[in-house]
Each structure stands twice: as structure tokens, then as C-alpha cells.
Amino acid sequence: MGIRNIQKSIKHERRHVRLDLIVALSLLLLLILSCIMVYSASMIGNKYGTFTSSIPVEASYFLKRQGAWAALSYLVFLIFSIAVPFEIFKDKNLLKYGFWVMVGLLIIPLLLPSINGARSWIRLGSLSFQPSTLAQLFIIMYMAFIFETRKTKLRQVCTSNELVSIFGIPLILIGIIALQNDTGMILITLSVIGIMTLCSNMHFKNIKRILTIAITAGVIVLGFLFISGIFSGSSYRTNRFKVFLNPFSENLSAAADQVINSYIAFGNGGLFGRGLGNSIQKLGYLPEAHTDFILAIIAEELGLIGVLFVISLLCILVGKAIFSGTKSKNTFSAMYSLGFASLLVVQSVVNIGGVTASIPMTGVPLPFISNGGSSLLILSIGLGIVTNILSHVKYLRENK
């Protein structure tokens with residue numbers, strides 16, 4: 001579909017008047033809550049440089065940054081929901097150039113110093129950007145494009161070489177992300193691709209072959225890690241795994257601080273919480289209180305009720321994305337919506353699982369809540385595209 005035809009379709013469908021208000025309101029509430037909780041979690045620690053490498057800053061330092069990113073993210077969400085038709089992301093040339101942009105952005109962190117054992121950030125002064133989050137959104141788009149343009153081929157039995165050729169671009173991007181040593185990002189991306197594959201109506205033998213390739217690659221990587229002695233050493237990743245097995249071990253006091261103090265925060269909060277601003281664990285006891293472990297602060301200050309409120313808002317967004325995917329009339333929009341829904345689900349589960357020590361910690365932020373500009377902005381773009389698809393679905397349902 002050409003650009004002119006897309007523009008005519010948009011004007012005819014009047015997608016701007018079909019904006020899903022439930023999605024828009026849910027996102028707005030999440031962003032407002034994010035600013036409130038980021039401020040609450042960081043305002044006291046900022047005076048002592050707890051989150052800024054021992055450099056004291058004003059109490060509202062992170063609030064101002066998060067507020068600016070939240071405002072920009074919501075504006076971008078509205079633009080992609082109303083003014084940017086999802087059809088343009090099916091353009092082959094756009095995806096081809098986008099791939100090379102992604103490769104360039106992903107390579108840059110490999111040339112920079114590692115942070116917590118991973119090279120996944122680009123820092124420009126006080127600003128930081130994690131290109132792998134943008135790569136995740138691109139991979140979802142490209143996978144949706146593949147499932148639409150190759151659906152006839154994929155419904156037939158393919159050889160391993162054919163499958164590698166079809167999924168070559170996502171595999172290359174995943175390979176570069178793997179070099180960044182960001183375990184959480186790799187697990188989330190592979191999980192999203194796996195869920196999209198299972199939802200794609202691909203031939204079962206192709207799915208089986210893909211799983212075989214993935215398991216074989218996993219065994220090779222695990223074998224390499226075992227041979228190189230990582231599991232018997234004291235690396236950052238190894239400590240996190242040991243903390244998951246026994247956070248109260250005497251030999252892991254420093255590495256287990258986050259999990260133990262997260263437990264205490266949840267216990268202190270109870271059903272209704274200690275009250276907004278009254279968290280004890282944010283007073284230097286819980287590292288990364290405003291980012292990866294912000295849910296623990298929510299639990300301590302707002303209680304189980306507050307945690308369930310946040311999860312309910314995320315569930316609304318996931319439910320709307322799934323509805324969009326199941327009701328879409330073309331493969332691209334259906335697979336994109338389901339892919340984005342799976343991204344929100346997997347990232348939320350990984351964060352909540354890490355905070356509660358149900359799974360090993362991976363340093364993954366809670367969607368739309370944790371402090372962080374690039375994640376907030378990119379997820380808002382992704383949600384905006386889903387909302388644009390929802391407007392198209394509404395139009396089709398109204399004009400049956």
C-alpha cells in the first residue's frame with residue numbers, strides 16, 4: 001500500500017476520533033504514578049548521592065527528569081496513536097534501513113565500559129540510552145513483517161537453512177545483543193520471538209525445528225560458560241543466581257541486599273502500606289529503589305492494594321493489545337499487537353519475579369513505572385502503534 005493510499009485510508013477511517021480512551025487513561029495513570037513513586041523513592045537518597053555515585057543532588061532531581069520523559073512519552077504515544085498509521089511500518093525499505101541503524105546503535109555500547117557486567121548503554125553526559133530496547137520493538141515489527149510476507153512459505157515444511165534465512169535479521173540483532181552480556185534483555189527478546197512464533201500459524205514441524213535449533217544453541221552456550229568456569233567463579237551473574245537459590249547465605253551479604261530488603265519492604269507494606277513517602281527501605285537500604293526495585297517501594301508505601309493497582313493497569317494494556325491482535329484482519333497488525341503484548345507480559349513477569357526472588361534478578365525495569373527515559377519512550381511508541389491498530393479494528397467492526 002502506497003503512502004497516498006495510506007493517507008486516504010486514515011482520513012476515511014478518522015482514527016483520531018476512535019482513540020481508545022481506556023488505553024490512553026491507563027497509560028496516563030501509570031505515568032503519573034511513575035513520577036510520584038520515582039520522587040518518593042529517590043527524594044531522600046538524592047541528598048546523600050545514594051543514586052548518583054555519592055554526588056548530592058536536589059530532592060526533585062529524578063522527578064524532573066522522569067516528569068519530562070513521561071510528558072514526552074505521552075505526547076509521542078498520542079502522535080503514534082492518531083497521526084502515524086501502522087501500515088507504514090510494513091514498508092520493506094523502512095525495515096531494511098532500520099536494520100542497519102539498529103546494528104550501528106547496538107555496536108556502540110560494545111566499545112564503551114561495562115555497567116554491572118553488561119555493555120548495553122550509550123551515555124551522553126547525564127543522558128543514557130539503551131539501544132537494545134529499541135531493537136526489541138524493531139524485532140517485533142520485523143517478525144510481524146516476516147509472518148505476513150512469508151506466511152505461505154512458513155505454512156509448509158521448511159529446511160533449517162530456509163528458516164535461518166527467513167529469520168536471519170532478527171537472529172543477527174539477537175547475536176549482537178548477546179555480545180552486550182545483558183542476560184535479561186536476551187531472555188525477554190527470545191521469549192517474545194517464541195510467543196510470536198507459536199501464535200503465527202506456522203507449520204508444526206517448522207516450530208519443532210526452530211525449538212531444536214534454539215535448544216542446541218542454548219546447550220552450546222551453557223557448555224561454554226561451564227568450561228570457562230563462570231559458574232564456579234564470583235561473577236556478577238553468578239552471584240545473582242546464587243542469591244536466587246539462597247538469598248540468606250552468609251557469603252552473599254552484599255549481593256543479596258536487594259532481595260532481602262525487598263522482602264522487608266513487602267512485609268512492611270502489608271495490605272494498605274505505610275503511607276506515601278513513608279518507606280524505610282528507600283533510606284539507603286534498598287539499592288536501585290527508583291528503578292528495578294520500585295515495585296518494592298510501592299508495596300511498602302501503598303501496600304498490596306497499590307501493587308495490584310499497578311498490575312491491573314498493565315493488564316488492561318496487555319488485554320487491549322491482545323484484543324487488537326485477535327480482531328485484526330491482516331497478519332502484520334495481528335502479530336505486532338500480540339508481540340507487543342508478550343513484551344509487556346514477559347518484562348513485567350521478569351521484573352516482578354526478580355523483586356520477589358521468584359526468579360534470578362536480571363536488572364529489568366517495570367514497564368511504564370521504573371525510572372528511565374529510553375524504556376518509557378520506546379514502550380510508549382510501541383503502545384501508540386497498538387492503539388492505532390485498535391482504531392482501525394474499531395472502524396472495521398463499525399462498518400461490517
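1. Helix α4 (residues 92-107) and helix α8 (residues 168-179) pack at about 10°, with axes 10 Å apart. Axes here are lines fitted to C-alpha atoms over the stretch in contact, with angles from 0 to 180 degrees between N-to-C directions. Helices are DSSP runs (H or I, at least four residues), numbered from the N terminus.

2. On the α4 side, Phe99, Met102, Val103, Leu106 and Ile107 meet Ile169, Ile172, Leu173, Ile176 and Ile177 of α8; contact means heavy atoms within 4.5 Å. By class, this contact has 10 nonpolar, no polar and no charged residues. Nonpolar covers Ala, Val, Leu, Ile, Met, Phe, Trp, Tyr, Cys and Pro; charged covers Asp, Glu, Lys and Arg; the others, Gly among them, are polar.

3. The axes of α2 (residues 21-42) and α3 (residues 61-82) come within 9 Å and cross at roughly 170°. That makes α2 roughly antiparallel to α3 (over 145 degrees). Their contact has 14 nonpolar, 4 polar and no charged residues.

4. Apart from neighbours within four places in sequence, Phe167 is in contact with Met143, Ile146, Phe147, Leu154, Met202 and Ile210.

5. A word on the basis: this is a predicted model, with local features needing pLDDT of at least 70, side-chain atom pairs counting only at pLDDT 80 or more, and totals for chains, interfaces and linings using all residues. Residues are numbered from 1 along each chain as its sequence is written, and side-chain values use heavy atoms, leaving out hydrogens and water.

Definitions and conventions
Helices (H or I, at least four residues) and strands (E, at least two) are DSSP runs, numbered from the N terminus. Angles under 35 degrees count as roughly parallel, over 145 as roughly antiparallel, 65 to 115 as roughly perpendicular and the rest as oblique.
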